[in-house]
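Biologist: Let's go through this model by question and answer. Please keep it brisk.

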Amino acid sequence: MDPTAPNSGGDHAAGADATGPTNTTVTLPPLTLRDVPRLPSALASPSPAVPNPISRHPYYHPPSTFYISPGDVSLRHAFFDLASAAPSPLVAYRRAGPRRDLAVDPARARAALVTCGGLCPGLNTVLRELVVGLHELYGVRDVFGVAAGYRGFYGGDEDHVRLDPAAVDDWHKKGGTVLKTTRGGFDLGKIVDGIVARGYTQVYAIGGDGTMRGAVAIFQEFKRRGLNISITGIPKTVDNDIGIIDRSFGFQTAVEIAQQAIDAAHVEAVSAVNGIGLVKLMGRSTGHIALHATLSSRDVDCCLIPEIDFYLEGKGGLFEFLYERIKKKGHAVIVVAEGAGQELIPRTDDQKREQDESGNIVFLDVGPWLKSELGRWWKREHSDELLTVKYIDPTYMIRAVPANATDNLYCTLLAHSAIHGVMAGFTGFVPGPINGTYSYIPLEDIAVAKNPVDVNDHKWAWVRSVTSQPDFLKSQA
């Protein structure tokens with residue numbers, strides 16, 4: 001029964017006009033707070049609270065609503081099925097933001113910032129805003145950039161660079177990461193020993209899912225050793241494949257640059273006889289960039305992502321569809337995510353076992369393979385007709401550009417949310433927006449949470465309606 005329907009037993013007034021607005025009281029399921037860990041010192045016997053120095057800022061006087069209440073939470077899900085017979089429990093997280101009283105004395109803080117893994121638009125913005133926020137908001141003067149990823153923690157003095165607002169002033173205008181980055185090199189004991197030896201009390205780790213898993217291990221080692229050191233992860237993945245949070249930074253910039261590549265492929269396709277523009281976009285396990293760029297472009301005829309299976313030849317296959325589209329329009333544009341169709345590409349035994357420095361299976365290059373297979377099929381089936389295929393791979397253009405305005409703002413909010421959480425005595429957490437509300441999520445949740453494209457939701461249905469591409473379901477004859 002729908003508890004929101006008129007006359008369903010709710011608190012509707014007798015004789016209320018159901019054709020107008022009505023009020024219905026509904027009892028929601030129990031709420032579970034998924035809380036983040038705290039520093040040992042924050043859990044110890046009560047000590048005098050440290051007033052937030054923002055309250056004494058010479059130019060900014062925070063209003064009464066500026067500080068986050070200890071009871072403020074955000075809900076994991078923004079919509080609920082009130083008619084469900086067995087509604088799921090509600091999960092909540094602590095709201096991110098500044099606290100009136102701190103559990104950390106900023107004068108004693110010593111912060112380390114590190115970037116790990118591949119490049120992503122916004123890395124330098126996050127670094128800049130962490131440095132500026134620590135200095136200007138909380139008066140932290142000992143802030144260091146750790147070069148070369150996690151291995152930099154057990155590197156030499158040259159891998160630990162003191163940073164201040166003047167040093168990072170224009171970093172947000174640069175692509176890449178000024179601190180340098182690497183994959184691998186994760187030696188837990190040596191990393192934690194290096195952190196302790198240099199007296200760091202706060203660690204800000206910026207990276208993707210591998211970096212988050214590393215941060216979980218570091219947090220657990222801090223806990224095992226009884227160390228009063230905070231660690232927070234700021235999730236970075238241009239593919240937007242980290243779950244729980246609304247999106248990862250750099251994603252919107254990636255979609256913007258990807259659309260430029262699609263525009264170029266479209267020009268090449270329409271300028272040739274029987275022209276096909278083929279664009280490979282980033283997306284190992286998820287197709288969010290390809291999906292959003294396709295929706296933004298409206299020039300794409302087929303979008304292939306890791307979450308859907310497809311086949312090349314035969315009725316209902318990709319090549320038949322492309323031939324029909326070319327006969328109708330004179331050209332076609334294909335967007336393929338790098339993780340799509342991997343099961344179709346022949347592999348040697350060595351290739352099946354090959355992994356990169358982060359332990360990921362090495363993907364074969366779907367773009368050139370698809371171009372080759374298409375050309376071979378066309379020559380066999382339509383040898384008397386011309387075909388021109390232009391292949392564009394903008395991967396490193398996308399990774400290397402500075403963040404756009406939207407991502408720059410987002411990176412600032414993430415950095416400041418991380419600082420506020422650390423100063424409040426939280427550790428082992430990730431800041432991020434959940435349904436638009438910035439929240440603190442346990443690191444271990446983020447490290448395992450995935451964000452695949454839901455091919456059953458409206459967004460993928462919009463892609464299908466824009467491209468009119470087949471569903472690639474083989475008939476069960």
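**Helix packing and an annotated site**

Biologist: Are α7 and α9 roughly parallel or roughly perpendicular to each other?
Modeller: The axes of α7 (residues 318-329) and α9 (residues 366-381) make an angle of about 70°. Angles under 35 degrees count as roughly parallel, over 145 as roughly antiparallel, 65 to 115 as roughly perpendicular and the rest as oblique. So α7 and α9 are roughly perpendicular.

Biologist: What kind of model is this, and which pLDDT applies to side-chain atom pairs?
Modeller: Residues are numbered from 1 along each chain as its sequence is written, and side-chain values use heavy atoms, without hydrogens and water. The model is predicted: totals for chains, interfaces and linings use all residues, local features need pLDDT of at least 70, and side-chain atom pairs count only at pLDDT 80 or more.

Biologist: How far apart are the axes of α7 and α9?
Modeller: Axes are lines fitted to C-alpha atoms, for helices over the stretch in contact, and angles run from 0 to 180 degrees between N-to-C directions. Helices are DSSP runs (H or I, at least four residues), as are strands (E, at least two), numbered from the N terminus. For α7 and α9 the axes are 11 Å apart.

Biologist: How many nonpolar residues are in the contact of α7 with α9?
Modeller: Contact means heavy atoms within 4.5 Å. From α7 come Leu318, Phe319, Glu320, Leu322, Tyr323 and Ile326, which meet Leu370, Glu373, Leu374, Trp377 and Trp378 in α9. Ala, Val, Leu, Ile, Met, Phe, Trp, Tyr, Cys and Pro count as nonpolar, Asp, Glu, Lys and Arg as charged, and the others, Gly among them, as polar. By class, the contact of α7 with α9 has 2 charged, no polar and 9 nonpolar residues.

Biologist: Is methionine 282 buried or exposed?
Modeller: Methionine 282 lies in the loop between β11 (275-281) and α6 (288-297). Buried means under 20% relative accessible area, exposed over 50%, partly exposed in between (1.4 Å probe, protein chains only). At 8% relative accessibility, methionine 282 is therefore buried.

Biologist: Which UniProt annotation covers Met282 and Glu338?
Modeller: Glutamate 338 sits in the loop between β13 (331-337) and α8 (349-353). Beyond four places in sequence, its contacts include Asp239, Met282 and Arg284. UniProt positions follow the numbering used here, with shortened feature names, and annotations may be inferred rather than shown by experiment. The unreviewed entry covers residues including Met282 and Glu338 with the annotation "binding site".
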